[in-house]
Amino acid sequence: MEKPSWTPIVLSGAIPREATDLLALLVMGIVALEASLAPVAPTVFSSRLWLSLLVVPPTCALASISTTTRRTREELALFAYGGPGWQILLRYFIRGAIIALVAFSPVLLQGFLRTTSILELVTTAVVLLFAGGLFYSMPSLRRIRSSSFVENYKS
Amino acid sequence: METRSVVVEYPSVKGVLRLYDQGVSLKVDQGDFLAVLGGSGWGKSTLVNVVLGLEKPIHGSVSFREHDVTRESFVKRCSLVKTAAVFQRPTALPQMTVSQNLHLALSLAGVPRKERDERIKEALAFFGLDKIERSYPDGLSAGQRRRIDLARALAVKPELLVIDEPTGDLDGSATNLLIPLLRGLNRNQGTTIFMTTALPRQASQAKHQVHLRPPLYLTPENKMIGD
């Protein structure tokens, strides 16, 4: 009797190789790095906020890429309705910015209560806003600009 | 609306797929109903995309009201001639009801809020969609979704209506209703219609027809392969 081979399982995608897999890997990697380095070098990593901020770009990109099919439908509809490209991107930018700000609200609130300098707090909020918005809207920009985008209008 | 010697190319497995070997030149006058007839894969949808500014030709030009819009976006073209497009694949937003989809389209077209309700009511009644105005597109049939797209396009009251294979996924009875409806729209409201189709019988119902030729396959050295 022939033995089943492992090759098809490996070839058919057991190894992470898609963009979403890599982004998930990156997010977890940053969190793991932060957790492992904090006790080793507490002086350097006393302010772990900036390291935590590194998870914003890959997480927002992951959220944006993970529902590409649905988003493409939305983008096609908005274009067909006469919506300009910048409006489509702006809605993603705002969505990404909100996600980042809400997720980091405990950190921002803590900073506010500890009376950290207002400048530092505002800088953090602005960085969050831009990083979240930019990385959430970038996959959409890439999709819209792709030459195959309008092929989706054909059945 | 006019296209002059429009040529489009795509990379293909064999080399280059060239649609419109000699270039497509056509003119649609105001109030006209033009049907572009061609087989599957002959470039009808590509021509629609070129007219709307969604694809750019490698040669030739597209003009709206004698303004060269070849490199302009769809939005810019709409500002010259109020244009609405209905594509082969239904485009209604899945998370919005039929009525909300029309509201969104009208707000993007800059229709004042006061006028929207009335226009939507008219368009929905015209296409027999008034009973499903609160339904979501994903729960509807292909024919109903096609009619949502048409209602959305017509609610804008476009000067130019561009339709890519209007009866592609409709059954016989819906098909029989649609073309007379487009003719009525063209005759009674003066809407200029640019339609593509693979069916000669359908094309014959338009005021004018243009016949496309099959595309060419070229090698990297620009030599023709096969037909």
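Trainee: Which residues lie nearest the centre of the largest pocket, and how many residues line it?

Mentor: The general idea first: rolling a probe the size of a water molecule over the atoms shows where empty space is left. In this predicted model, the largest pocket is lined by 40 residues, and A:Ser147, A:Val150, A:Glu151, B:Leu54 and B:Glu55 lie nearest its centre. The pocket's volume is about 880 Å³.

Trainee: How many of the lining residues are nonpolar, polar or charged?

Mentor: The lining has 17 nonpolar, 14 polar and nine charged residues.

Trainee: Now salt bridges. How many does the structure hold over all chains?

Mentor: Side chains of opposite charge can pair when their charged atoms come close. Here there are eight salt bridges over all chains. One of them joins A:Arg143 and A:Glu75, at 2.7 Å from N to O. A:Arg143 sits in α8 of chain A and A:Glu75 in α5 of chain A, so this pair ties together parts 68 residues apart in sequence.

Trainee: Are A:Arg143 and A:Glu75 buried or exposed?

Mentor: Both are buried. Compare the salt bridge between A:Glu74 and A:Arg70, at 3.8 Å from N to O. These two lie four residues apart in helix α5 (residues 68-80) of chain A, about one turn of the helix. A:Glu74 is buried, because its relative accessible area is 4%, under the 20% cut-off. A:Arg70, at 40%, counts as partly exposed.

Definitions and conventions:
Residues numbered from 1 in each chain as written. Chains lettered and ligands numbered in written order. Predicted model: local features only at pLDDT ≥ 70, side-chain atom pairs only at ≥ 80, totals over all residues. Heavy atoms only, no water. 1 Å grid on protein atoms, 1.4 Å probe; cavity = no way out; pocket = protein on both sides within 12 Å on 5 of 7 lines; lining within 4 Å. Points joined across faces, edges and corners; volume = space filled by probe spheres on them. Nonpolar A, V, L, I, M, F, W, Y, C, P; charged D, E, K, R; others polar. Salt bridge = Lys/Arg side-chain N within 4 Å of Asp/Glu carboxyl O. Buried < 20%, exposed > 50% of the residue type's maximum accessible area, 1.4 Å probe, protein only.
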